[in-house]
Amino acid sequence: MPPTSSPEVIEKLKHAPDVAGAEDLILRRWSPRAYADKEVTAEELKRLFEAARWAASSSNEQPWRFLVGRRGDETYQKIFNALVEFNQTWAKSAPVLVLSVGKKTFTQKGTPNRYGLHDTGAAMANLALQATADGLHTHSMAGFDNEQMRASFGIPSDYELGAVTAIGYFGDPASLPEHLHKMEVSPRQRKPLEEFVFSAWEQPAQL
């Protein structure tokens, strides 16, 4: 493996460029596909979900639900089986797979909650940042069979499926197939602010 592809070098490569005022924790968060053969303990997982628990939500509904699979258990296998082949190729190395689900109605009022999945995403963002702080990594994915996943877990129609998130320690990029390895060792990119921060529609805000 070339020295430039070592896990230590790639870890630094994937960190976002320094941005004045942005927290280092945010800049260090990224989504690998190579995971080490190292267990994530129950205590570590509990910290991640505590971070998710304290996310903001509309009317404090806390609409998120999480199905947590640890490699070798039935929950993990059900989640893995529903992934598309592309994601199975790399996600098989992750020791933890989590399915996020958002409730579509407010529990007390029974009225539609248009923000349930938005708030579930906010909880997952908290979880991802806590993972980064703890030396872990996460990678969320949308590529899975929605109906198979719903049927496997008996998820009620009042809940909307969000994403599957792999959790673990960063592993060796060389363990990935060539096409995935290329993505793993490439610098991250983001759109400039003027492309999505507006003062009027498609008019960049003056920041």
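These are my notebook entries on a predicted model of one protein chain.

**Ground rules.** I number residues from 1 along each chain as its sequence is written, and side-chain values use heavy atoms, with hydrogens and water left out. Local features need pLDDT of at least 70 and side-chain atom pairs count only at pLDDT 80 or more, while totals for chains, interfaces and linings use all residues.

**Overall layout.** I looked up the elements, which are DSSP runs numbered from the N terminus (helices H or I, at least four residues; strands E, at least two). The protein chain has eight helices and six strands. Their order from the N terminus is α-α-α-β-α-α-β-α-β-α-β-α-β-β. I then checked the radius of gyration, taken over C-alpha atoms, against the globule rule of 2.2 Å times the number of residues to the power 0.38. The chain comes out at 18 Å, close to the 17 Å the rule gives for 207 residues, so it is as compact as a globular protein of that length. Along the principal axes, the C-alpha atoms fill a box of roughly 60 × 50 × 30 Å.

**Burial and contacts.** I took buried as under 20% relative accessible area, exposed as over 50%, and partly exposed as in between (1.4 Å probe, protein chains only). By that count, 40% of the 207 residues are buried. A contact means heavy atoms within 4.5 Å. Among contacts between residues at least 6 apart in sequence, 72% join residues at least 24 apart.

**Helix α7.** I went to residues 146-153 next. M149, R150 and F153 are buried there. At the start of α7, a side-chain oxygen of D145 comes within 3.1 Å of the backbone nitrogen of E147. After the helix comes G154, with a positive phi near 65°.

**Helix α4.** Y76, I79, F80 and A82 are buried here. They cover an arc of only 165° around the axis, which puts them on the same side of α4. Their cover includes β1, α5 (85-91), β2, α7 and β4. At the start of α4, a side-chain oxygen of D73 reaches to within 3.3 Å of the backbone nitrogen of T75.

**Strand β4.** I found eight of its ten residues buried. Seven bridges join β2 to β4, and the two run antiparallel. L97 stands opposite A166 in β4. Strand β3 (residues 137-141) is joined to β4 by five bridges, again antiparallel. T138 stands opposite I167 in β4.

**Nonpolar cores.** I defined a core as a set of buried Ala, Val, Leu, Ile, Met, Phe, Trp, Tyr and Cys residues joined through side-chain atoms within 4.5 Å. The largest has 27 residues, and L83, W90, L97, L99, M141, M149 and V164 touch the most other members. Elements giving two or more residues to this core are α4, α5, β2, α7 and β4. A second, separate core of 17 residues includes A36, F49, M124 and A131. I also listed the neighbours of M141, not counting residues up to four places away in sequence: L83, N87, W90, A91, L97, A163, V164 and A166.

Definitions and conventions: Polar contact = N/O pair within 3.5 Å; in protein donor to acceptor, adjacent residues only side chain to side chain. Pairing = 2+ DSSP bridges. Arc of directions from axis to C-beta.
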